[in-house]
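Here is a short walk through one model. Start at a pocket, then move to the sheet beside the text.

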Amino acid sequence: MRKAARRISHPRTEERRCAYVDLLDEKDVAPDVAPATCFVSHAWSCALADVVDCIAQHDAAHPGTFYWFDLLVNNQHEAATSPRPFEWWCTVFREGIAACGRALLVMSPWQEPVALTRAW
């Protein structure tokens with residue numbers, strides 16, 4: 001995922017040093033953007049393709065879901081240049097999950113999911 005952030009998010013957000021979602025023009029994407037209803041929980045060591053595939057599968061079964069995906073909603077420049085303390089991240093994720101009401105846990109790799117080896 002770190003490579004994906006550098007490849008996808010950073011080039012598009014470099015000038016403003018903002019989160020990817022901050023680049024969206026509300027009038028152009030209004031029907032497609034809303035407060036998140038599902039928090040995407042994944043390990044940064046997961047392949048972006050696996051995370052996107054998991055979201056796509058969930059979306060097929062639950063159309064109309066709006067996802068909180070950190071690659072797009074967190075400012076990746078800030079996260080990379082001024083690391084925040086563990087407590088700050090715990091608060092952000094706890095509040096994000098609470099606001100969404102649901103979480104989608106990405107189980108990758110399937111045989112030994114990284115997300116199950118860590119605890120918040």
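Helix 3 gives the most to the lining of the second largest pocket, with four residues. Helices (H or I, at least four residues) and strands (E, at least two) are DSSP runs, numbered from the N terminus. The model is predicted: local features need pLDDT of at least 70, side-chain atom pairs count only at pLDDT 80 or more, and totals for chains, interfaces and linings use all residues. Residues are numbered from 1 along each chain as its sequence is written, and side-chain values use heavy atoms, with hydrogens and water left out.

Stay with this pocket. Its lining has 19 residues, and D32, F66, Y67, F69 and L72 lie nearest its centre. Helix 3 and helix 4 (70-73) each supply at least two lining residues. A pocket is an open set of points on a 1 Å grid over the protein atoms alone, where a 1.4 Å probe fits, with protein on both sides within 12 Å along at least five of seven lines; lining residues have an atom within 4 Å of a point.

Two strands pair if DSSP finds at least two bridges between them. Strand 1 (residues 38-41) joins strand 2 in the parallel sense over two bridges. C38 stands opposite Y67 in strand 2.
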